[in-house]
Structures are given as C-alpha cells and as structure tokens.
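Hello,

I am passing the structure below on to you. My notes on what was found follow it.

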Amino acid sequence: MPPSAELIAAYENADYVVFAEPELVLKIGEPSRRLDALLEEEGAASAAFVTAANPRSKLRSAAENAAALSTLDQLVAAAGYPWRPGEGREPGGGWVEPSRLVIGIYRDNAQALERLFGQNAIVFVEKGRAPELVVLD
C-alpha cells in the first residue's frame, strides 16, 4: 500500500541531518553547497539518505531499530560505500529516526537497499542538484 499524502508531506518537510560540525541539514528541493563539497571530497556524483528504522513508518522498538540499522551498516560497508551517520527529524521536535547518508550509491541501488528494509522512500541527491524525495513502489 503506498504511503498516504499526509505521510509523503511529512517526508517532504523533514530535516535530513548529517552529523558533522556544524550539522549538515538537507531539505527536499533545496540545493546544498556543503553536500556538493562533501560529494566532491569523496569523488562521488550522488548519495542517498536512507534508514532501516520503523519500516513502512510503523514504530518499532529501539532494540529492533538498532538491529536493523546494524544490518544496514554491514550491507553498506560490504558494498564499499562510504557513509555518514545522521537522522531524519520532524522540524520543531517530535519524530527522530536514525539514518545514514550513503555516498556514491546509484539511485537504483539505494531503492533496492531500502526495499530490503521495508521503507517507503529515500532521499536521493545528485551533485549540483537539490535533494529529491523518491517514493518507492
């Protein structure tokens, strides 16, 4: 079942935060020079902001989310992608979800990865372009 329009709107309005000094906050539709610089530094043309937590946006326990995130980290490492820790956040507080910025991953690979974890969407970025919400079918 596809995510509701309300849920998609929440994804579109979320802050996608990469832990750095200072934090790198990605917003759907807003280009980021800092993200472009990070991609340039890594020699990459693209990245995806992904999670393994709360599949289909249904709350899971902290232990379940931690186990899923550990599995995600192992798959990303085995594929050889550099990544940065982060979290998705509802602006103004409330919802927070552990996430990863996977650097150098292609759109199709990011979508396949997130389907493995039962996710509704990814945030995909190409260098020089604004972050894009990609709803998975």
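In which sense do strand S4 and strand S5 pair, and over how many bridges? S4 (residues 83-89) and S5 (residues 96-103) are antiparallel partners, joined over seven bridges. Glycine 88 has glutamate 97 in S5 as its bridge partner. Please keep in mind that this is a predicted model.

Both strands belong to an open sheet of seven strands, ordered S2-S1-S4-S5-S3-S6-S7, with antiparallel pairing. Strand S2 (24-26) and strand S7 (132-135) are the edges, each pairing on one side only. From one strand to the next the twist averages 30 degrees.

Two helices lie across strands of the sheet. Helix H2 (residues 33-42) lies across S2, strand S3 (46-50), S4, S5 and S6, at about 45 degrees to S5.

There are nine salt bridges in the structure. Among them:

- Aspartate 15 and lysine 27 meet at 2.9 Å, N to O. Aspartate 15 is in strand S1 and lysine 27 in the loop between S2 and H2, 12 residues apart. Aspartate 15 is buried at 18% relative accessible area, while lysine 27 is partly exposed at 21%.
- Glutamate 42 pairs with arginine 84, the closest N and O atoms being 2.6 Å apart.
- Aspartate 137 and arginine 115 have their closest N and O atoms 2.9 Å apart. Aspartate 137 is exposed, at 78% relative accessibility, and arginine 115 is partly exposed, at 38%.

Regards

Definitions and conventions. Residues numbered from 1 in each chain as written. Predicted model: local features only at pLDDT ≥ 70, side-chain atom pairs only at ≥ 80, totals over all residues. Heavy atoms only, no water. Pairing = 2+ DSSP bridges. Helix = DSSP H or I, 4+ residues; strand = E, 2+ residues; numbered from the N terminus. Axes fitted to C-alpha atoms, helices over the stretch in contact; angles between N-to-C directions. Contact = heavy atoms within 4.5 Å. Salt bridge = Lys/Arg side-chain N within 4 Å of Asp/Glu carboxyl O. Buried < 20%, exposed > 50% of the residue type's maximum accessible area, 1.4 Å probe, protein only.
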